[in-house]
Amino acid sequence: MTTQIINGKVLTPQGWIDNGTVVFEDNIITYVGEGKAPIEGAEIYDARGNYVVPGGIDMHCHGAGGRDFMECDEAAFRTIIDTHRQFGTTSLFPTLASSSTEMIEKAIGITEKLMKEPGRQVLGLHLEGPYLNPSMAGGQIPEYMTMPDPVTYRRLLDSTDCIKRWDASPELAGAMEFGKFVSDRGIVAGIAHTTAGYEIVSDAFAHGYSHVTHFYNAMPGFHKVGEYKQEGTVESVYLIDDLTVEVIADGIHVPPAILKLIHKIKGADRMCLVTDALACTACEDAEAFDPRVMIEDGVCKLKDRSALAGSVATMDRLIRTIVQKAGIPLEDAIKMSSLTPARIMHVDDRKGSLEVGKDADIVIYNQELFVEKVF
């Protein structure tokens, strides 16, 4: 089956094409360029001058539609994927918050199955923990948080190739060895839920940690220790150019002015957008899956208001916030939701941009940046 999108403002790695056309056949892009005569027998979709862009890749997502990946249930996985797709996410990395080994093993089985399906919407498993600092738990479930255990993580990684990213707090005993082990296997090691200052962050980078989880959240910035000033994780990350960062760009987890600052320093090549969405995203039940949380002011919080606990954001909301509130160009916003995460997660050979030979993961946004159509 051939599909031809016409009359779109098409974003390519080289820039925008006005009156652009995208053609794909059997889910693979076969043409991207200026207006082209309708192909005989093709299904024609008229974009009517709207934005035709690569689909969003969410590399940190916990749930939606009332379901959470921690349920380790195939139906839950499918509900979450289908829900986020409506809002511009065409592929994702299911994320488990700190979990038991048994839960991780169940999630591995489901992820391996879904990764083999046509369309390649599931790109691999992301483990946010359980090797996280309890003092920076945030919305994590404390009883699942542990110190790095070489026996466990080596066994898990020997059992599967589907784990593509694993986050930890580098200040924990054994975390440097963990970072080196996972990164040597081609897995993205992320710095998360941490109190690390510059010395530890630098050491972590040298031991293979290359990415920073929900930048500015669950980590300190510049602060005082007694009467003395001390750098935080935030400043340390800025000082290491090659560390990539992800941001929950809902305008609340990170305010618009700080989104502008991150973009100014890191740029669209080292900054990506993530939802960090919970089960209550796109769901009427604010307590879906986790009764500890509530939704207030468009964000998810622990009920005691001690911490933000994840988000209820979708990809389209991230795009609107970045463009309309932070004043960042749309082409950079789209890049940070597609090509940049694809490169960070090593899937840019088939995802992240509208180019011949790549997967036909395509989203059409209207002029107000709401989703019109998802392919």
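**Exercise 1.** Work out whether Y216 is buried, partly exposed or exposed.

*Solution.* Start with the cut-offs: buried means under 20% relative accessible area, exposed over 50%, and partly exposed in between, with a 1.4 Å probe and protein chains only. Y216 has 25% relative accessibility, so Y216 counts as partly exposed. Helices here are DSSP runs of H or I with at least four residues, strands are runs of E with at least two, and both are numbered from the N terminus. Finally, check the backbone: phi of Y216 is near 80°, a positive value in a residue other than glycine.

A quick word on the ground rules: this is a predicted model, where local features need pLDDT of at least 70, side-chain atom pairs count only at pLDDT 80 or more, and totals for chains, interfaces and linings use all residues. Residues are numbered from 1 along each chain as its sequence is written, and side-chain values use heavy atoms, with hydrogens and water left out.

**Exercise 2.** Do the accessibility step for A282.

*Solution.* The loop to look at is the one between β17 (271-273) and β18 (293-296), where A282 lies. A282 isn't a glycine, yet its phi is positive, about 50°. With 47% relative accessibility, A282 counts as partly exposed.

**Exercise 3.** Describe how α3 and α4 pack.

*Solution.* Take the angle to begin with: helix α3 (residues 150-159) and helix α4 (residues 175-184) meet at about 10°, with axes 11 Å apart. Axes are lines fitted to C-alpha atoms, for helices over the stretch in contact, and angles run from 0 to 180 degrees between N-to-C directions. Angles under 35 degrees count as roughly parallel, over 145 as roughly antiparallel, 65 to 115 as roughly perpendicular and the rest as oblique. So α3 and α4 are roughly parallel to each other. Now find who touches whom, with contact meaning heavy atoms within 4.5 Å: α3 brings Y153, R154 and L157, while α4 brings E177, F178, F181 and V182.

**Exercise 4.** Find the surroundings of M315.

*Solution.* M315 sits in helix α8 (residues 315-325). Its relative accessible area is 1%, so M315 is buried. Leaving aside neighbours within four places in sequence, M315 is in contact with residues including G56, F87, L273 and Y365.
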